[in-house]
Amino acid sequence: MAKFRKIGILTSGGDAPGMNAAVRAVARKALDEGVEVVGILGGYSGLIHDNVVPFTPRTVSNIISRGGTVLYSDRCPEFKTEEGMQKAIATCKRHGIDAIVAMGGDGTFRGATDMTNHGIPTIGIPCTIDNDITATDYTIGFDSAMNTTMHMIDCLRDTCESHKRCNVVEVMGRDCGQIALFTALASGAVAAVVPEVAFDEREFLDRMKKLVDAGKRSFLVIVSEGVVTENGQKYGEVLAKKIDEETGVETKFARLAHVVRGGSPTLRDRFTATQMGVYAVQALLAGKSNIVICQIDSRIAELDINYALIADRMYKNKLKPGDLDAFSAEQVAAMRALAAQRQEEIEAVYKMVAQTSK
Ligand code: ADP
Ligand code: F6P
């Protein structure tokens, strides 16, 4: 068992409901194991600027149900520089922090790898509402954000049905359409428009016209914010105008934006956050580092961060020359299989949206 005296916890990148539940789980499990805990405020910039607070079991009381992150979050470009990294390491030395649990998305995990390489073992916990970390089936915050999104779409449905209208709803998801896709299916939307699948606008407009003729009164179309036109316009707004003009159905546009990133986490997010938090501390104590905690086939597991980051780049078609050099042929094949599986999962839901909306 590795000897850790003190671990630090930080949250970084876009916040996600359930981050607090993960902070609580890491803190309580570590304290229970006799390891001291400090919170680092404001993500990696807290490390650079020495914003460190001691934790007791009571520090994390009553945060399991709270949205946002009590540790605050930040995007900190300075952390990517060697100078920033040296300041962060100096803070760790000053406080006797000998390991870190970093919660966030892929950028946060890149920072975690840098910390490990500079002598501070670091473990990542995936927290982002987008569910866009390829290596894990699930990221903390996804379920809460989707439920909030779904409830708001349901509200729009009520008024669309009363007034015989269509509502195009733009939802969060920078390069990832999962929130749009899943909430479209769950709210009976007539279409989802997402970055991962080509959208046939003509086919959709014709299909909608037929549904109007058949007597359908209300229409919902869910568009991921990451979908833009060739000249960079947000596609949701463009599509709303086209629907209005072509189908004769009065069409409104709504952008839900950051509102769905806040709010109390769902049971699934609190539960998964607790499982992952406890697992992260156990892994650290077992001497592991530079791993990301994942959920794979409903089980909590771990993957090497570098492997997870490269698998992610492969799925997102962002591989750089040399990225695969460090991996065996079997590992590369597994990454390709995972990327194909993720695309299949998305396409299956995409088809179901059209198949079930009549
Ligand atoms: P997310 O973790 O949600 O993807 P970001 O991409 O904003 O969010 O990354 C969060 C933080 O992680 C950044 O502000 C920065 O401090 C750190 N980070 C991001 N990319 C790198 C990198 N390539 N090297 C080191 N640190 C990074
Ligand atoms: O955390 C993911 C995310 O919420 C994306 O869905 C969204 O595009 C982005 O973050 C927004 O970031 P910011 O909070 O910087 O506007």
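**Exercise 1. Describe the salt bridge that joins aspartate 323 and arginine 313 in this predicted model, and say where its two partners lie.**

Solution. The side chains of aspartate 323 and arginine 313 form a salt bridge with an N to O distance of 2.7 Å, where a salt bridge is defined as a side-chain nitrogen of Lys or Arg within 4 Å of a carboxyl oxygen of Asp or Glu. Helices (H or I, at least four residues) and strands (E, at least two) are DSSP runs, numbered from the N terminus. Finally, both aspartate 323 and arginine 313 are buried, a word that stands for under 20% relative accessible area, with exposed meaning over 50% and partly exposed in between (1.4 Å probe, protein chains only).

Before going on, note that the model is predicted, that local features need pLDDT of at least 70 and side-chain atom pairs pLDDT 80 or more, and that totals for chains, interfaces and linings use all residues. Residues are numbered from 1 along each chain as its sequence is written, chains are lettered from A and ligands numbered from 1 in the order in which they are written, and side-chain values use heavy atoms, without hydrogens and water.

**Exercise 2. Find which parts of the chain are linked by the salt bridge between aspartate 15 and arginine 261.**

Solution. The two side chains meet at 2.8 Å, N to O. Aspartate 15 sits in the loop between strand E1 (6-11) and helix H1 (19-32), and arginine 261 in the loop between strand E9 (250-255) and helix H9 (267-285), so that distant parts of the chain, 246 residues apart, are linked. Aspartate 15 counts as partly exposed because its relative accessibility is 21%.

**Exercise 3. Work out the setting of aspartate 130, a residue without a salt bridge.**

Solution. Aspartate 130 is found in the loop between strand E5 (122-126) and helix H5 (142-163). Aspartate 130 is buried, and the nearest side chain of opposite charge, that of arginine 174, is 5.2 Å away; in this count Lys and Arg are positive and Asp and Glu negative, while His and the chain ends are not counted. Leaving aside neighbours within four places in sequence, the residues in contact with aspartate 130 (heavy atoms within 4.5 Å) include Phe142, Met172 and Arg174.
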